[in-house]
Amino acid sequence: MGLVEIATGKVLSSFSVFLFLTVLLLVVARRISTCILLFSVQSAIIAAEVFATGFQERLAEAYVVGALVFVIKVVAIPRAFFLLVDRLKTSRDVKASTTPTQSVFIAVAMIYLSYAAVHSYGQAVHVPEDALAAAVALILTGAFLMVSRRKALMQMLGLLVLENGIFLAALTTTFGMPDLTGDFCAR
Amino acid sequence: MKIAINLLQALILILGAPLLRGIIGRIKAWIQRRQGASIWSPYADLVKLFRKEDLVPPSASWVFRFAPRVLFGTAVCVAAFVPVVQPSALLASRGDFFLLAYLLALGRFFLSLGGMDGGSALGGMGASREALISSLAEAPFLLGLVAVAILAGHADIAGMVAWTLRQNIFNISAVHILAFTSLAMVVIAETGRMPVDNPTTHLELTMIHEAMVLEYSGPSLALVESASAIKFHTMVALLIALFAPWGMATSVSVWSIAAALLLYFLKAAVLMGLLAVVESGVAKLRMYLVPDFLGVASAVSALAVIFTMLAKR
Amino acid sequence: MQPGSTELAFVSVLIVLGLVVPLVLAASRTKGARTLAVALILVSCLAGCFVAALGFWRGSGFLLTFSGVTPFPFSLTIDRLSAFFLLLICTVAAPVAIFAFTYFDHHYGEQRRNWMWAFFSLFLLSMIVVVAASSGFAFLVGWELMTLLSAGLILMEGDSAERRHNVLIYLLMMHAGAAAVVASFFLFLPYSHSLDFGAIRAAGALVPAGIRILIFLLAFVGFGTKAGIIPLHLWLPRAHPIAPSPVSALMSGVMLKTAVYGFVRFTFYFLAGGPWWSGYLVLLVGAVSGLLGVLYAIAEHDLKRLLAYHSVENIGIIYLGLGTSLLFLAHHAPIWAALALIAALLHTFNHALFKSLLFLGAGSISHATHTVDLEELGGLQRRMPVTGTAFLIACCSIVGLPLFNGFISEWLTFRSFLAGSILTNTKAQIILPLMVGILALIGGLAAACFVKVFGVAFLGRPRSAEAEQAIEVPVPMRVGMAALAAACLLIGILPGLLLRPLASLCQVLIPGAGVPKEILMIARIIPWTAAVVLGAMALTALFKRAQKKVPTWACGLPQLTSRMQYTSTAFSKPIRFVFSAVYRPDRKIDRLPADQPYFPASISYRSARTTSYEKTLYRPFVDFIVAAAHRLRRLQTGNIQVYLLYIFLTLVSLLVYLRFVR
């Protein structure tokens, strides 16, 4: 197998755990700039996912979508956010209404819930469970951020994370991810 | 022959421990654009300390002098648990990670008592802070190892390492990534590295681990220092053995052992480099933010355990 | 040994403790009589150990029936489970009796000493009757006697209003629990037609599912009240600290274990496992008791209250093991159920040993310094070396450090949690390994607490004049403590002594279980570990250098005073801060005079802690009962015609029922 094939295989089978890590870090982060960085990392992972799907399925439009995701969500929007943070001259603190420990346990509960929710669905339709669960987890995290952070910037970021989740769910169910349900979490 | 190699492993862990300290110090110095001390300087420090007198406060009891010995004894025993060059160690085939964790707790218990025996305010302060951190760090440590053990189907360390060795290096498992994250955070907290504790601080009020040993001098201090170094080396070796053991010798031949040893040093050096970068890059956490740090580690390790069940579905 | 002689030995134990000792003490008030009484108690404890050892290691049990003599069927048996608990009682009672011999002499006047020993002996008898009972009547008689005698022993110590209030709460809760136990026994009656344990076990399969659930819940609540699980533990921190220290040792070390015995007898022997959700319930209660118990203990600085809360925590750990066992039973995994049950029973034994040692240590401290407030102690290790060393061994054991006995049972509990991952039920598959985290947290907090206890009480510098002048306790007290400490070390290094017979015991209780391989594993690895650790420590003796006494650096001040050390409250502050959601203290700061807030003449600070469940659970419950009682009082008008009306109405409604409903 060529190096590119191996790489795309790896990306496709293990990207959801990195998305879960970004979810956990997002709910814990204390500074707005950290959250913006995490959001752009998340979008980069999703863009890589789109590229990998395009390579596997040989779909030209996937490359276009991936490039758009990269330009807009990884470069443009975070830059705009950083500019906003500078201009608004507000404090850099996230102003969370839950302590980091509570937030991270809520995040764990949300991840478990997303797995429980997609379990039955994922078996009926041939969709990799992990990707769909990551999508639902992103949606829940976005909603949680909007609810528990008192800064308007964080609420906007929460909405964007939620939108990331919806995009990932759409990607998973429509472009049709290659059937890699067996490879992930290899024993 | 296998026993001789196991003995060699334990000796490497024990005798090579100060070298690891020296390497981290040198890399940090290089990052900070300083010359830095030689990587062999911790050995020189230990030799110097062994030649000095042992100063004891007049109000201290036998626990004060006994504590460094217990700490050293448990550190040496823990070093016998961890495989380095081959997937077995002196006590690893029957000893599991619960025994390892609680042996470390035994050493810590006596060290805290020794700190309180000095009769100074700072000893009590160090013991109190160490008590907070170690009580919260036990859970993620054990949970992370439990997650790996459930996947491996073994609870003894040799079994876990042998199982990981059989896996394909490119099949990253979510459980392992999460367990590694939480274990790395716990190792940082337990061995007193940044961002939990600054090992090179001179300000007593910012110390956690060092404050407990302020009253020790001479051979007792040498025992404490070497025990901390052995504990650090053992934890690093445990992380490498559980998460990146490929390269370990599966046959008993001089070449494979030598190659495994070289590979181990390379992995350790990479890990030291990463640690040095993290230590130079982040600021020390305020003490009351450390429970949040450990709470994140607990949640990540709990997630790792949950994922073991999800993986089997 | 002839089969008849063990029965004879056992009966003579009962007679000595029940009749001979009180008679001796009633006969004369001399010191000789007391010495004779204590010697008799010791001999009967040793005889009891012997009987129990035969029953436990060899499995030779027997049955004694006294039904001819008594109005209700009264029989005693020594099967494996009873033998194990009898061994526990006698092994702990002997050193405690030796300790109490000198302790009671120094602390109580002539009047009370004989009474205390008589009650002590009868208390032991009642506990032996409880664990050896083979009929419901015998069990309940022993159960009630235990409560009454321990209350009597507490009241012997002193008679103040606060004491009586606490004893009243103790008696009330114990009777409520006993009522639940009685109810659960009687629920078997329609199916077993007798309260004999053998008949109940045979009838266990015939009981319908709904009644089984009710029996399980009643037994759980009844025995749980006696054991001290949260939220039924309210009496524990009130009753244990005010009892004399040897009696506290017996109450905390042995009496709580009889509740565990009762619960094990009901769920494993009678019911063969509870309903499918029983494991989860017991696990939950165990986890909550363990966590909250240790958190409340950390905040205490009265040593005996702290130890009482630690009893709650250890009962929580025992219940974690029992819950795991029930869960495995419900999922048809008998060998893992046996492992968890062995862990729970071994922890019961270990806790009896080290908790009584801790209470004896507290007794020694109070004997030497007349206080058990940690803030007044310090530097006792140099003045009381034997007490300090024994107390240190007990601290290491209760924390669960390797080479001491507490580690073995905690290790077995951890391994049984880990084994949960092989179950196929997804809920249990996650919950059991996650319990590892909870037990690890409990253990970590317990370690923090005991560093505080030993460090503040025994190490450093004395914080009060009494602590400065403490002298070592008399020899019998030292002997008692040393015996218990030696037992802790023995089981810690050679756990196989108890583990193998416990495995056979669990094969009786859980049909289909073999010997779990973890038993052999731990029995083999611990001596090796001990050898390596001790060997490395011996190696360090090579590096001994001359020791020079130099005062501790006092940061430039001329001298360190004992007030500069960390106090118990200061030590626990970080943990109390992190877990402040549990504590919720009431803090009041008064500045006088009130109209000059910035230039006060005096400022007073008051901090009180009512535990949250007391506010949210007990207060509303008590208020509700009082309000309901007030409303019911309106039925009692005092008018005789109204009472006659009640009788008339009852008659009419019975006639209506007979005619129209039947």
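Mentor: Chain B has twelve helices and one strand, where helices (H or I, at least four residues) and strands (E, at least two) are DSSP runs numbered from the N terminus. This is a predicted model, in which local features need pLDDT of at least 70, side-chain atom pairs count only at pLDDT 80 or more, and totals for chains, interfaces and linings use all residues. Residues are numbered from 1 along each chain as its sequence is written, while chains are lettered from A and ligands numbered from 1 in the order in which they are written.

Trainee: What share of chain B counts as buried?

Mentor: A residue is buried if 20 or more other C-beta atoms, placed from the backbone, lie within 10 Å of its own. By that count, 64% of the 313 residues of chain B qualify.

Trainee: How many residues of chains B and C make up their contact?

Mentor: Two residues are in contact if their C-beta atoms, placed from the backbone, lie within 7 Å. The contact takes 66 residues from chain B and 64 from chain C. H6(B) gives the largest share of the chain B side, 18 residues.

Trainee: What makes E1(B) and E3(C) a pair?

Mentor: Two strands pair if DSSP finds at least two bridges between them. E1(B) and strand E3 (residues 547–549) of chain C have three bridges, in the parallel sense, so by that definition they pair. In E3(C), C:Lys548 is the bridge partner of B:Leu55.

Trainee: And which residues of chain A touch chain B, by class?

Mentor: In that contact, 19 residues of chain A meet 22 of chain B. H4(A) gives the most to the chain A side, with eight residues. The chain A side has 13 nonpolar, three polar and three charged residues, with Ala, Val, Leu, Ile, Met, Phe, Trp, Tyr, Cys and Pro counted as nonpolar, Asp, Glu, Lys and Arg as charged, and the others, Gly among them, as polar.

Terms used
Buried ≥ 20, exposed ≤ 12 C-beta atoms within 10 Å, placed from the backbone.
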